[in-house]
Amino acid sequence: MAITKALLTDLASTVDRVPSNFIRPVADRPNLEQLHSSSASIPIIDLHGLDGSNRSQIIQNIAHACHNYGFFQIVNHGIPEEVVSKMVNTSKEFFHLPESERLKTYSDDPSKTTRLSTSFNVKTEKVSNWRDFLRLHCHPLEDCVQEWPANPPSFREDVAEYSREMRGLSLKLLEAISESLGLERDYIDKALGKHGQHMAINYYPPCPQPELTYGLPAHADPNAITILLQNEVPGLQVLYNGTWLTVNPVPNTFIVNIGDQIQTSYVISNDRYKSVLHRALVNSEKERMSIPTFYCPSHDAMIKPAPQLVDNEPPAQYTNFTYSEYFDKFWNRGLSKATCLDMFKAQN
Ligand code: OGA
Ligand code: NI
């Protein structure tokens, strides 16, 4: 059956089988049993006292999680519950707007700074993903807000408040991560140039055959760090020692992960912190939503290893590049298990 709708949400409600363009090859399908049975998960880090007496202990916990998992959950992060619930509600309202209203923001051009789209990159991919998503640039906030959807009426205000909070939290985490690597507290802050912040609102409609497709297949994030908020429907899985760990939703937590830019530029010493593969599965009954904040370098920032972390042994693993070059490669290559970093490997 051919797709006749631009967006998945409007198609999903009319089908009782997954259309053929969403079906993964047999060797590359999710294991749904694992999703429901797994109990192991990523570390939970309590941020209470990060600016006080618990700082050095928390930084050790962060170092351990980044080195071993590339992922951790945070509690006592200081983000008001009300800010989060407004963000979740306005996002849900957006995806429940009539199709004609949502389509006003539609674009399949990854370089657009505000756009609603579907799957990952419809221009380059062979198999589609069971996802619609709204992507927004959020920094500097004043330059971005007027591009965002004006409907639902509270959207801009609620999302602006949430992005402001996410920026504050990202900066705190980046300081802690810098320290955890033995770098100056502001090292990563400076390395990100003028800084960038993007957000996605991922909307995964109920899927009649979730065993045949992905919301998002395995990928690593191209940015510096991601702070992800997920609703109460499980789906996120993280690769750990060859197995997929499910990150079950816990109220009032966020999930943090290391992206490619931290792996490359700051941790050249044999990939001490890894940008780890993760994926999203979909659900047969419930809509799933996740809201990642992608904190990243500004597009003109030159990405290179921290000199303190590159000696002769091991030599720099990657060539220097601008974030803009990296970002284009990421979107145009298609999601893949092989990291995009491989395209920037140095010839040692
Ligand atoms: C992403 C992502 C996971 C999820 O958007 O990059 O990994 O749980 N999302 O939706
Ligand atoms: Ni991701």
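Two strands count as paired here if DSSP finds at least two bridges between them. Keep that in mind for the exercises below, and remember that the model is predicted.

**Exercise 1. Work out the strand order of the four-strand sheet, and say which strands stand at its edges.**

Solution. 
- Step 1: Start with a pair. Strand 8 (residues 236–240) and strand 9 (residues 243–246) are joined by four bridges and run antiparallel, so they pass the two-bridge test.
- Step 2: Leucine 239 sits opposite tryptophan 244 in strand 9, and tyrosine 240 sits opposite threonine 243.
- Step 3: Look at the link. The two strands make a hairpin with two residues between them, and asparagine 241 in that turn has a positive phi of about 45°.
- Step 4: The open sheet reads 6-11-8-9, with antiparallel pairing.
- Step 5: Read off the edges. Strand 6 (216–219) and strand 9 each have a single partner strand, so one side of each has no neighbour in the sheet. From one strand to the next, the twist averages 20°.

**Exercise 2. Describe the eight-strand sheet and find the helix that packs on strand 1, strand 2 and strand 10.**

Solution. 
- Step 1: Get the order. This open sheet runs 1-2-10-7-12-5-4-3, and its pairing is mixed.
- Step 2: Pick out the edges. Strand 1 (44–46) and strand 3 (114–118) pair on one side only.
- Step 3: Ignoring direction, neighbouring strands are turned by 25° against each other on average.
- Step 4: Strand 1 pairs with strand 2 (residues 71–75) in the parallel sense, over three bridges. Here isoleucine 45 faces isoleucine 74 in strand 2.
- Step 5: Bring in the helix. Helix 3 packs on the sheet, touching strand 1, strand 2 and strand 10 (254–258), and its direction makes about 165° with that of strand 1.

**Exercise 3. Decide whether helix 3 and helix 7 are parallel or perpendicular, and list what makes the contact.**

Solution. 
- Step 1: Take the geometry. The axes of helix 3 (residues 55–68) and helix 7 come within 9 Å and cross at roughly 80°.
- Step 2: Apply the cut-off. Angles of 65 to 115 degrees count as roughly perpendicular, so that is the label for this helix pair.
- Step 3: Name the residues. Helix 3 brings Ile58, Ile59, Ile62, Ala63 and Cys66, while helix 7 brings Ala176, Ile177, Glu179 and Ser180.
- Step 4: Sort them by class. The contact has seven nonpolar, one polar and one charged residues.

**Exercise 4. Trace isoleucine 177 into the largest nonpolar core.**

Solution. 
- Step 1: In soluble globular proteins, nonpolar side chains tend to be buried together.
- Step 2: Size up the core. The largest one has 83 residues, and those with the most contacts inside it are Phe72, Ile177, Ile225 and Val256.
- Step 3: See what supplies it. Helix 7 (residues 155–180) gives the largest share, nine residues.
- Step 4: List the partners. Setting aside neighbours within four places in sequence, isoleucine 177 touches Ile62, Cys66, Ile188 and Ile262.

**Exercise 5. Asparagine 76 and serine 119 have a positive phi. Is each one buried or partly exposed?**

Solution. 
- Step 1: Locate asparagine 76. Its phi is near 50°, and the residue lies in the loop between strand 2 and helix 4 (81–95).
- Step 2: Count its neighbours. Asparagine 76 has 14 C-beta neighbours inside 10 Å, so it is partly exposed.
- Step 3: Locate serine 119. Its phi is near 60°, and the residue is in the loop between strand 3 and strand 4.
- Step 4: Count again. Serine 119 has 21 other C-beta atoms within 10 Å. Buried means 20 or more, so serine 119 is buried.

Note on methods. Residues are numbered from 1 along each chain as its sequence is written. Chains are lettered from A and ligands numbered from 1 in the order in which they are written. This is a predicted model: local features need pLDDT of at least 70, side-chain atom pairs count only at pLDDT 80 or more; totals for chains, interfaces and linings use all residues. A nonpolar core is a set of buried Ala, Val, Leu, Ile, Met, Phe, Trp, Tyr and Cys residues joined through C-beta atoms within 7 Å. A residue is buried if 20 or more other C-beta atoms lie within 10 Å of its own, exposed if 12 or fewer, and partly exposed in between; C-beta atoms are placed from the backbone. Two residues are in contact if their C-beta atoms, placed from the backbone, lie within 7 Å. Axes are lines fitted to C-alpha atoms, for helices over the stretch in contact, and angles run from 0 to 180 degrees between N-to-C directions. Angles under 35 degrees count as roughly parallel, over 145 as roughly antiparallel, 65 to 115 as roughly perpendicular and the rest as oblique. Ala, Val, Leu, Ile, Met, Phe, Trp, Tyr, Cys and Pro count as nonpolar, Asp, Glu, Lys and Arg as charged, and the others, Gly among them, as polar.
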